[in-house]
Amino acid sequence: MKMAALLLIAQLISGGRKVGPVEAARHRFPYRKAGLTERQAAAHLLSRFTYGARPGDVDAVMKEGLERWMDRQLGARLPDDSLDLRLQPYDALTLSNEQVQALYPRRGRVLKMAIRDGIINKDSVKADRAAYREEIRGYMAQKGYKPEQELFRQFISQKILRAAYSNNQLLEVMTDFWFNHFNVSITKNDCAEFIPAYERDVIRPNAMGKFGSLLLQTARSPAMLFYLDNFNSSGVKGVNENYAREVMELHTLGVDGGYTQQDVTQAARVLTGWTIFPMNANGRNFINRFSPGQLERRGFVHDGDFLFNPNRHDKGEKVVLGHLFPAGGGYEEGVELLDMLAHHPSTAKFISRELAVRFVSDDPPQSLVDKMARTFLEKDGDIRQVLRTMVESPEFWSPNAVQEKTKSPFELAIGAVRSLRADIRQPYPLYVWISRMGEKMYYYPAPTGFPDKGAYWINAGSLLNRMNFGLALATGQVPGVRVELGAEAQEAGIAIGSPENQRR
Amino acid sequence: MVTRRGFLKSGGIALFGVGLMGGIPPFMAQAAATEKRSRLYKGKRVLVCIFQRGAMDGLMAVTPFQDKYFKAARPDLFTGDGSIDLDGRWGLHPSMKGFGPLFRDGRLAIVHGIGSPNNTRSHFDAQDYMESGTPFNKGTTSGWLNRAVGLMGHDALTPFAAVSLTPALPRSLYGDNPSLAIANLQDFAIREQGDAAAAAAAAKTWESQYGKARSGLLQETGKESFEAIRVLQSADVRHYRPANGAVYPGSPLGSSLRQIAQLIRMEVGMEVAFTESGGWDTHFNQGTDNGIFARSAADLANSIAAFWQDLGTWQDEVTVMTMTEFGRTVRQNGTGGTDHGRGSCNFILGNGVSGGRVHGQVADLAVENLEDGRDLPVTTDFRSVFSAVADAHLLIADDRALFPGWDGAKPAVMKTPA
């Protein structure tokens, strides 16, 4: 039973029922013209828009109807009761950024506080490292602090569980896509603790909506403000161009999108003053001296974790991409700038191409990218509509595209878990394997995010790890993941590590 | 589609590259393959790079022991009195005495004030820039050592052209040329816990499957994997004994250098080797003659010295070079340590090195001579040193391709510059 599922992943099974003229008219997806049977088309949809077909999924999609299945995945509103049950023990995941900062302080901060409170001094620790660690542990317990590692352990675990068990598979795939597109990294200390809320409150809720909204929310998030240094960018003390550059190069227009260094500099000036609403006592005390009305009159904008500080804003006149921002502007000109970028034709092309690379092939046909870009511009950057255009295009179904993509280590691991209907009791050991195979999730240091091409993932060492992963998982040697294969374990392990299974 | 190099094109290594199935008895094929390999790769030069992650305090490793400004800036961290006098101005940290004889012999060079033109003090950014070799460009996909492999003239590349003894492939080795991350030589194989026969059967099946894979990338990479596995499994790596009385420290660095020595001896076509050393981010409680820094420094010097001794007659083929993403503040901080700085120092070891000297242009450490009033300035661009070493040792002439966007002068750290 389970082996059949694995073979489905690896090889598209031919055969399927004949379609009459009335039915054919109903079908929006042009897979027959491309030479695919309905079964093959269903398998292709699952392969691209989920983290892998489970036994019975292909039949279920065919029964529901491919277009209707896609509609429901695009709607992303299927109930997820059993997933929610699995996520319940992860209490760190419902915390606000402020609560995270209070409960999971960074190691450096703990040390400073411990020294300030007289618990540790530099002489007392010279002698005995074990005693020093014990002091810190005691101090944290006394204050109710938890180690930051625990926050990240829960965060990584939830991603694995969601990918493996959510019914809204496309939403999880798109959340991963947009996180990678708007990459932030745990490797940057300042922003790390704000990353769980970033994925939960900024990325996932906006993953299928309008691109412009998603862009604006990332720009206002503590994670991004810290990661690309804009929180510190001031018209008075020094403008930081990092975010302005990356928002054009990586988030919207693309490196060939037609902007100049001048545009970057001017855009950075527009975005000065975009910072984080203070979460520490000192900052709070300062800002709480003013009523919300007073703040608003002075030009402050406060929304959740975001603060626009007019005292740090460069109010001069600016020109970006030929667009004039008159002098005296405030928060609104930043919104206008981002809106302009979100609707730029280069952005439409750049985003459409990235989506096509994710869902069609490492080198998608320009004709498809152009179609998607047209929808992007016509429908106000509506991500669902762009995806619809993509899946309704013949290029999506071309035999050149089927099984052309290479699975990332995450996709390989989750796909294997799903195809075996394995029960993940403890997600973290899977993460250890995924890292070993070359994808340390949430730790990609550069804003570019993980590259989406086979040549990045596949090398002699990583391939060996993929094969070993297959054997380990199937024979029950990945702690925390329960599989029950008996005599079929060896065959399943080999199937997971097989060349066909490295592709999706 | 990226095609890997003429790995199997040369008829002479057909045996070497293809699964030994049918006809030839394994032991004979093995012997023939080993002999062919030796003929092809004997005398091949190797550059061994050690990345000290965390930003090594170059001023504590090699100390300006007469500098009164430095002494004043480090009331609790000054190590000048115990240091090993190298040249009247610079003193080697006492725990690095393993380097003493190598320096006096003229095989070890030090470059001080080395660093990046990009003044980022972010560990990850600075490491990324140093490993990609493009300090102002985050978009470079390849690493400088992978590019180096591509720029050496050779007939065929083996899977071992660039090897890293690390759990993951380091940034320096990213790129189109074969590169291999091996956490442990003896573990590099298909493994199934408690069932070696099943593992062997799986390996055989997979080798056959990958040999027929539709994807060129999977097919070629599969061949590399299985070839690498075969070579390593046949070499009895478990029982390697260091030569010439060399004793490696029992640290991760000692272990990885020992394995690099093994690979050099096995003559598998390795041209670039890479490993890491950690624990250098000494913000807190750095210590002086003893303590955190001293332990890391001892490990570095002793591991490299043992490696050199182990190599014996292979020394001519090998140059070792250390690197770190930046240095640390001249002044000590409030927690017995130092914070992120700019210039640091590195060590270069080899028979072709202009050793017994501290190279570089370092002024005294009066505050007006410091960058931002706090850091040892970078007076030697790391690319110039990496180029000088790669050019002379690996015979790479094309600096522009090795370090795109750079065309500076090369310091005379090697005896015979290319």
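Colleague: Which residues is Met390(A) in contact with, leaving aside its neighbours within four places in sequence?
Modeller: Leu355(A), Ala356(A), Phe359(A), Leu368(A), Met372(A) and Phe396(A). Contact means that the C-beta atoms, placed from the backbone, lie within 7 Å. This is a predicted model, where local features need pLDDT of at least 70 and side-chain atom pairs count only at pLDDT 80 or more, while totals for chains, interfaces and linings use all residues. Residues are numbered from 1 along each chain as its sequence is written, and chains are lettered from A and ligands numbered from 1 in the order in which they are written.

Colleague: How many residues has the largest nonpolar core?
Modeller: 249, with Met390(A), Ala413(A) and Val389(B) having the most contacts inside it. Such a core is a set of buried Ala, Val, Leu, Ile, Met, Phe, Trp, Tyr and Cys residues joined through C-beta atoms within 7 Å; buried means that 20 or more other C-beta atoms lie within 10 Å of the residue's own.

Colleague: Which helix gives the most to this core?
Modeller: α11 of chain B, residues 292-311, with 11 residues. Helices are DSSP runs of H or I, at least four residues, numbered from the N terminus.

Colleague: Different topic. How much of chain A is buried?
Modeller: 49% of its 504 residues. The C-alpha trace spans about 75 × 60 × 40 Å along its principal axes.

Colleague: And the contact between the chains, how many residues from each?
Modeller: Chain B puts in 38 residues and chain A 31. On the chain B side, α9(B) gives the most, with eight residues.

Key: Contact = placed C-beta atoms within 7 Å. Helix = DSSP H or I, 4+ residues; strand = E, 2+ residues; numbered from the N terminus. Buried ≥ 20, exposed ≤ 12 C-beta atoms within 10 Å, placed from the backbone.
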